[in-house]
Amino acid sequence: MADRHDEVHVDRNLALELVRVTEAAALAASRWMGKGDKNAADGAAVEAMRKAFDTVAISGTVVIGEGEMDEAPMLYIGEKVGLYARAGGGTEVDIAVDPLEGTTLTAKGGPNAMAVVALAQKGGFLHAPDIYMEKIAVGPGLPEGVVHMDAGVEENLRNLAKAKGRDVSDLVVCLLDRDRHKEIVKRCRAAGARIMMISDGDVSGVVAVSQPEAGVDIYMGSGGAPEGVLAAAALRCIGGQMQGKLLFENEEQVARARQMGIDDPNRIYGLEDMARGEVMFAATGVTTGPMLKGVRHFGTGAVTHSIVMRSKTGTVRYVEGHHNFALKPSAFRA
């Protein structure tokens, strides 16, 4: 029993360590808020996150990142991170990262940008290539299979409304504001549902289905596959249902996916296909959105607002951090 207690204690500490990683990235990116340079904002977040990972007692491998090895300085797929990544030892884990989800949002000073990290046991994440993924997601407390990717828009809305004891006209559908979604929008409106379009940030868009205060009933449409895995990790912790299907544009993408272990290009992935086993998720707001407040700077420091979740316990914690830049190590300063 003592060993089990120690393991749980380590897990709890690790979940909170992830918050320090997302805080560092958010603090760095926030310095570029509204300055019109999304690449500089992203670069600052990446560098801060990489340095912060060096203090976390893990041996981690990035399986969802920002590019390939020759695209450094991004946190690339296959990169080793963590205190023990090169020295050996420590807990071996897979890491999914988006140092700055919403680069354009940050550059424009728009809402809902955040720094995101998810962690799973080795082999726990779908190794999704950097292509589009069709997604559908709903929140917790609903009958299993209440919506399905193979069903039509109208059928999914009818089934969801029935399960919630509402009319279709009461439902709010969230999706990215993209030309490719015109048909979905048309069919949702014809069915009577309301629409919430977001300009960027579909991790937060998917997670919103599990947040009653966000006022979102279902997420539909396509977005980045890596972001799909990160969203699945969050829903594994907080509750909900999600399906995803990779959208290939050519045979080269199919071949790349096969190299990453994806054998069936037509497969529909469920929540646990994308994020298996014990999963942890952490995010820190860069700019304010429905889920998290953005970084607030003052004379000698800043205040951050974060969320951290664990699938093992279902615990969700909101963390408000007050940072004194005169005392913080350089790895955690903006």
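This report covers a sheet and several salt bridges in a predicted model.

## The sheet

Six strands make up an open sheet, in the order β7-β6-β8-β5-β9-β10, with mixed pairing. Its edges are β7 (194–198) and β10 (268–270), each of which pairs on one side only. From one strand to the next the twist averages 20°.

Glycine 244 stands opposite tyrosine 269, a residue of β10.

## A helix on the sheet

Helix α5 (residues 182–191) packs on the sheet. The strands that α5 touches are β5 (132–138), β6 (172–176), β7 and β8 (218–224). The direction of α5 makes about 155° with that of β7.

The structure holds 12 salt bridges. In one of them, the side chains of aspartate 217 and arginine 166 meet, at 2.8 Å from N to O. This pair links distant parts of the chain, 51 residues apart: aspartate 217 is in the loop between α6 (202–207) and β8, and arginine 166 is in the loop between α4 (153–164) and β6. Aspartate 217 has a relative accessible area of 5%, so it counts as buried, the cut-off being under 20%. Arginine 166 is partly exposed, at 37%.

Another salt bridge brings together the side chains of aspartate 200 and arginine 178, at 3.3 Å from N to O. Because aspartate 200 lies in the loop between β7 and α6 and arginine 178 in the loop between β6 and α5, the pair ties together parts that are 22 residues apart in sequence. Aspartate 200 is partly exposed, with a relative accessible area of 22%. Arginine 178 is also partly exposed, with a relative accessibility of 27%.

## Further charged pairs

Side chains of opposite charge can pair when their charged atoms come close. Aspartate 273 and arginine 267 form a salt bridge in which the closest N and O atoms are 3.1 Å apart. Aspartate 273 counts as partly exposed, at 27% relative accessibility. Arginine 267 is likewise partly exposed, at 37%.

Salt bridges also occur as a network, which links Glu47, Arg50 and Glu79.

Definitions and conventions: Residues numbered from 1 in each chain as written. Predicted model: local features only at pLDDT ≥ 70, side-chain atom pairs only at ≥ 80, totals over all residues. Heavy atoms only, no water. Pairing = 2+ DSSP bridges. Helix = DSSP H or I, 4+ residues; strand = E, 2+ residues; numbered from the N terminus. Axes fitted to C-alpha atoms, helices over the stretch in contact; angles between N-to-C directions. Contact = heavy atoms within 4.5 Å. Salt bridge = Lys/Arg side-chain N within 4 Å of Asp/Glu carboxyl O. Buried < 20%, exposed > 50% of the residue type's maximum accessible area, 1.4 Å probe, protein only.
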